[in-house]
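Biologist: I have the sequence and the model open now. Please walk me through some local details, starting wherever you like.

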Amino acid sequence: MAKGEPVAEDKLEDDLSEASMTRRRKIEHIEICLDEDVQCRRSSMYEHIGLIHNALPEIDKDKIDLTTNFLGLRAHAPLVIAAMTGGHPKTYEINRKLAGAAEELRIPIGVGSQRAAVEDPSLADTFRVVREAAPSVPVIANIGATHVDVAPDAVEMIDADILAIHLNPLQEAVQPEGDCNSEGVLDNISSIVDSVEVPVIVKETGAGISGEVAQSLESVGIDAIDVGGVGGTSWAAVEYFRAVKEDDDLKAQLGLDFWSWGIPTALSVIMVRDATELDVIATGGIRNGLDVAKSLSLGAMAAGIAHPLLRPAAMGSTLDVVVEVERILEGLKIAMYLTGCSRVDDLAERPLILSGELIDALNSLDIDFKKIAG
Ligand SMILES: Cc1cc2nc3c(=O)[nH]c(=O)nc-3n(C[C@H](O)[C@H](O)[C@H](O)COP(=O)(O)O)c2cc1C
């Protein structure tokens, strides 16, 4: 079969192996994310953060430098194309276009969970295409915390620079076939850290990471946290739509009940930064350059974006993905210009105006908001 060529649907339907189920779930997730509204009904809390306008910026916008140190690697901007896909023949083209855009813009890119390719190596091409199309940017491998033995293989499969371990207990809890045994996950992460030679990021997938969890993760030697907070794609929502299709009324109701469960992205960035020295990526509901600028001003090293790039990659071209990312980067540059920041690190030095629910949350967590507002 040629690379990326779809396998016959009837063959998929007949094949009930675990690998086939994982593969089928992957494509269902993509279809639901394209067809349904799966966004959280709570915000990422960025609306409660204000940057202070500088009417005398005294810098040249054209000279703004977005270059970023991304875990020791160079990126042309502090924006990551977050893990989305791979593992089904139809995802080959999506990954090729996302990676082509990452290469053109010289920004880091993550692949989706490599579990399917570990179970069925014939699917490895759907991940390898990312390294092939993006030879000169940081590429991030992706596995779950239970896949301890396969971590080095996942890194090698795509010649990755970094490994991400995803956490998704919310999704497992509301998924019709979910696995809710999380015993020993921290030990697994510790073993994975010991088994690979690349930096390790632990990422949530839409429900955020608290300060306490971040401290536990820091204690086992990970390098960075991608908070994957509330405000963007909701995996309870995605699983709600799968449960409806499968006539699973209980799981559908639970998907509705937990649709917006978790820690909003901005709050999660603050909690992790307050509790640890780890590098932080702000993902979850990042929708424009202003959200990226606010993330950096909270001390994140970069922001990540997933869902808004899915449609251009699935229905459009590499250029369509590039255009969407460029819109975000232009917004970031404008925010930097209007705050007088010529380098990304300058944003962390700028004072902020915090308000509303975010202050209430910080007060109730006993985090000094004045320290953050600077
Ligand atoms: C279609 C789709 C598939 C995803 N698959 C994965 C995955 O396999 N592994 C992972 O770590 N995160 C996965 N994510 C989560 C994203 O990396 C990100 O954390 C989350 O979608 C929040 O970002 P957003 O609001 O910009 O979409 C996926 C997201 C989407 C939209």
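Modeller: I would start with aspartate 247, which is exposed, with a relative accessible area of 65%; buried means under 20% relative accessible area, exposed over 50% and partly exposed in between, with a 1.4 Å probe and protein chains only. This is a predicted model, in which local features need pLDDT of at least 70 and side-chain atom pairs count only at pLDDT 80 or more, while totals for chains, interfaces and linings use all residues. Residues are numbered from 1 along each chain as its sequence is written, and side-chain values use heavy atoms, with hydrogens and water left out.

Biologist: Where does aspartate 247 sit, and what is its phi?

Modeller: Aspartate 247 is in the loop between helix 10 and helix 11, and its phi is positive, about 55 degrees, although the residue is not a glycine. Helices (H or I, at least four residues) and strands (E, at least two) are DSSP runs, numbered from the N terminus.

Biologist: And what about glutamate 58, buried or exposed?

Modeller: Glutamate 58 is exposed, at 72% relative accessible area. It lies in the loop between strand 1 (49–51) and strand 2 (68–70), and, without being a glycine, it too has a positive phi of about 55 degrees.

Biologist: Back to helix 11, then: which residues are buried there?

Modeller: In helix 11, which spans residues 249–257, the buried ones are Lys251, Ala252 and Gly255. They are on the same side of the helix because they cover an arc of only 105 degrees around the axis, the arc being that of the directions from the helix axis to the C-beta atoms. Asp249 and Leu250 are exposed on the other side of helix 11.

Biologist: What do the buried ones pack against?

Modeller: The buried residues of helix 11 pack against helix 7 (169–174) and helix 10 (235–245), where contact means heavy atoms within 4.5 Å.

Biologist: How about helix 9, what is buried there?

Modeller: Gly211, Ala214 and Leu217 are buried in helix 9 (residues 211–219). Viewed down the axis, these buried residues fall within an arc of 120 degrees, so they line one face of helix 9. An α-helix has 3.6 residues a turn, so residues three or four places apart point the same way. The face turned away from the buried side of helix 9 carries the exposed residues Glu212 and Ser219, while the cover over the buried residues includes helix 8 (185–195), strand 8, strand 9 (224–226) and helix 12 (265–275). Just after helix 9, glycine 221 takes a positive phi of about 90 degrees.

Biologist: Changing topic, how many residues surround the ligand?

Modeller: There are 24 residues around the ligand, and the closest are Ala83, Ser113, Lys203, Thr233 and Arg287; a residue is near the ligand if one of its heavy atoms lies within 4 Å of it. Helix 2 (18–35) and strand 8 (200–204) each supply at least two residues of that shell.

Biologist: Which polar backbone atom is 3.0 Å from a ligand oxygen?

Modeller: That one belongs to glycine 285, and a polar backbone atom of alanine 306 is 2.9 Å from an oxygen atom of the ligand. On the side-chain side, an N or O atom of lysine 26 is 3.2 Å from an oxygen atom of the ligand; polar contacts with the ligand are pairs of N or O atoms within 3.5 Å. The protein covers 97% of the 610 Å² of accessible area that the ligand has on its own, computed by the Shrake-Rupley method with a 1.4 Å probe.

Key:
Polar contact = N/O pair within 3.5 Å; in protein donor to acceptor, adjacent residues only side chain to side chain.
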